[in-house]
Protein chains: 2
Amino acid sequence: MKEYTVAILGATGAVGTQMLACLEEQEFPVGKIKLLASARSAGKTLSFRGEEVVIEEAAPAAFEGCDIVLGAADDAIAKQLLPAAVEAGATVVDNSHAFRMDPEVPLVIPEINADDVSWHKGIISNPNCATIIALVPTWPLHKVAGVKRMIVSTYQAASGAGAPGMAELEAQIAAMGRGEAIPEPKAFAAQLVSNLIPQIGGFDDEGYTSEEMKLQNEGRKIMHLPELAVCCTCVRVPVLRSHSESVTLEFERDITLEEAREALAGAPGVKLVDDRGAESAHDRFPMPIDTSDQDLIWVGRLRRDISNPEAARGITFWCCGDQIRKGAATNAVQIAKLLV
Amino acid sequence: MKEYTVAILGATGAVGTQMLACLEEQEFPVGKIKLLASARSAGKTLSFRGEEVVIEEAAPAAFEGCDIVLGAADDAIAKQLLPAAVEAGATVVDNSHAFRMDPEVPLVIPEINADDVSWHKGIISNPNCATIIALVPTWPLHKVAGVKRMIVSTYQAASGAGAPGMAELEAQIAAMGRGEAIPEPKAFAAQLVSNLIPQIGGFDDEGYTSEEMKLQNEGRKIMHLPELAVCCTCVRVPVLRSHSESVTLEFERDITLEEAREALAGAPGVKLVDDRGAESAHDRFPMPIDTSDQDLIWVGRLRRDISNPEAARGITFWCCGDQIRKGAATNAVQIAKLLV
């Protein structure tokens, strides 16, 4: 079996370290691993398959000899460095926003549009975390009845702001727990413990944030639905690392709850967790503490949208997924596996 | 000016103690105050206008001589004791769910349907907290364009489960902050710190919780809109005492954003907090830490619902309000003021 030289750009962040773990877990055929990060981290080591790997400073020359580069850096560094990786002959799977809407770049959730990998020109983008977590369960329902409208409210974890976001929430919980003053927020615009911040990303002229528009823009591209209409409200919540979303869907055609349940129960990447009352010993539904550090999107609270005037065409559900894993690292490594 | 003998049933809970504070703050013409609670609290005291008032055990005979009774007990105690208060000649303003949907009982948010107080037969009900917080800002928009459909996702604070819910979240934050095991949850079905619980109340056959159906059922009665259609998802979040809601509205008639902004800016009980980007030094929007322990519903993130096929008839916004105050005690005391 062929083995590949794989580099991770931004190897020391929350997503980069998870990518390294996912390569090992998913038994990716890595011949040689290269860990690239800022000069500050160069010379330190990370463990891969039981061996310590020395981190190198990220620079264009570092991509020489690489077959696959996984990008876990921010937009600016992605734009600055990843074209050099393509020139060096590598195929890039990038988690930043930098290339996602470029018509020359496929944007891929393997459970939905794995075939789009075929037309890449060196770069494949990994979608936004909240987009992945909403679309993995929306897709099997779309295949039944054709989704045309989504109304989504998100409950997004601190991990969406990376390791510094998680550290900030943990420090705030510790301070509140000890009855001390909450340290000045840096990763977020305001205190997050015992609070909610209804802004993720900058505002556009219509009053939507960049994060809110990703679900419509990326959703249209991934599902090949140029007319998909999405109203999204993104909210940061004091949870460490699983995003949750309240999703209301409108379909082109009728869909029964039984059809929806069956489609979700058989869908790749989805775990249907939706027992209530008489059906089980206790009520069960997805919660962030249960969905953290695993790869599936859990779906529950599946029911009719009783407000939809076309009664048979509305469905609403609740889903949770690990933002660092399926929302980022796991999906990127799944894409890389499509390449080998 | 006439003075009234006022009793609070359930005076020692989170809502009862807040009712006592609201009577004082709103300068309610109290002649005599009676504080009623369980036998366990009888003999203890609470402070009112600088004097200590001894708590009495709640029993039918305790309502003798009362003009107004504020109910802050649970459904079972409300059903058991409040009819005796009516028989004793008092007018009851009850915060429990027990009488809300009784056609003989007005259900009142003073900013919306103060006139309904006129037809009471001894009991007036105070609506559910999440209902009040969503409807206070929905009403001025309804008056412009006629609301017909609401899609709402809630972010509900621990205080909705009363003082024990708040104490449980605080204990969990303290334990997590000290790196200790989270104490076994009692007030909630699961750990709340760093988690979300997408169930408030029991499930009906359609898969909605009792809390979720209140917004439609109570909303129809309060706004006199028997056809109002509401799809609600209620979620408990690790926040101490302000509820937040993501609200998407569909109207009968066109409404511009300018009309919506103007209606909200002039509406009683509402504070429009919606500055972004170039309009202000920094982005501002409602957050639970800012809306706790005050009486207004803060509204922001006001924008078009870009997913609505009738582009001029969809509006979406975010609102926060103190669950114990306007969600319960403040609204009840406002109703009582309509009676005097």
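Modeller: A:Asn95 is buried, with a relative accessible area of 14% (buried means under 20% relative accessible area, exposed over 50% and partly exposed in between, with a 1.4 Å probe and protein chains only). The model is a predicted one, in which local features need pLDDT of at least 70 and side-chain atom pairs count only at pLDDT 80 or more, while totals for chains, interfaces and linings use all residues; side-chain values use heavy atoms, without hydrogens and water. Residues are numbered from 1 along each chain as its sequence is written, with chains lettered from A and ligands numbered from 1 in the order in which they are written.

A:Asn95 is found in the loop between β6 (91-94) and α3 (110-113) of chain A; helices (H or I, at least four residues) and strands (E, at least two) are DSSP runs numbered from the N terminus. Its side chain makes a polar contact with that of A:Asn126 at 2.8 Å. Such a contact is a pair of N or O atoms within 3.5 Å; within protein, one must be able to donate a hydrogen and the other to accept it, and residues adjacent in sequence count only if both atoms are side-chain atoms. Leaving out residues up to four places away in sequence, A:Asn95 touches, among others, A:Val15, A:Met19, A:Gly71, A:Arg100 and A:Pro127 (contact means heavy atoms within 4.5 Å).

A:Arg100 also lies in the loop between β6 and α3 of chain A and is buried, at 5% relative accessible area. Besides A:Asn95, the residues that A:Arg100 touches include A:Asn126, A:Lys214, A:Glu218 and A:Lys221. In an unreviewed entry, UniProt lists A:Arg100 under "binding site"; positions there are given in the numbering used here, feature names are shortened, and annotations may be inferred rather than shown by experiment.

Turning to the rings, the structure holds five aromatic pairs over all chains. The ring centres of A:Tyr4 and A:Phe28 are 6.4 Å apart with planes at 55°, so this pair is tilted. Rings of Phe, Tyr and Trp (its six-membered ring) pair if their centres lie within 6.5 Å, and planes under 30 degrees apart count as stacked, over 60 as edge-to-face and the rest as tilted. A:Tyr4 belongs to strand β1 (residues 4-9) and A:Phe28 to the loop between α1 (14-25) and β2 (30-37) of chain A, so the pair ties together parts that are 24 residues apart in sequence. Both A:Tyr4 and A:Phe28 are buried. Ring pairs also link A:Tyr155, A:Trp318, B:Tyr155 and B:Trp318 into a cluster.
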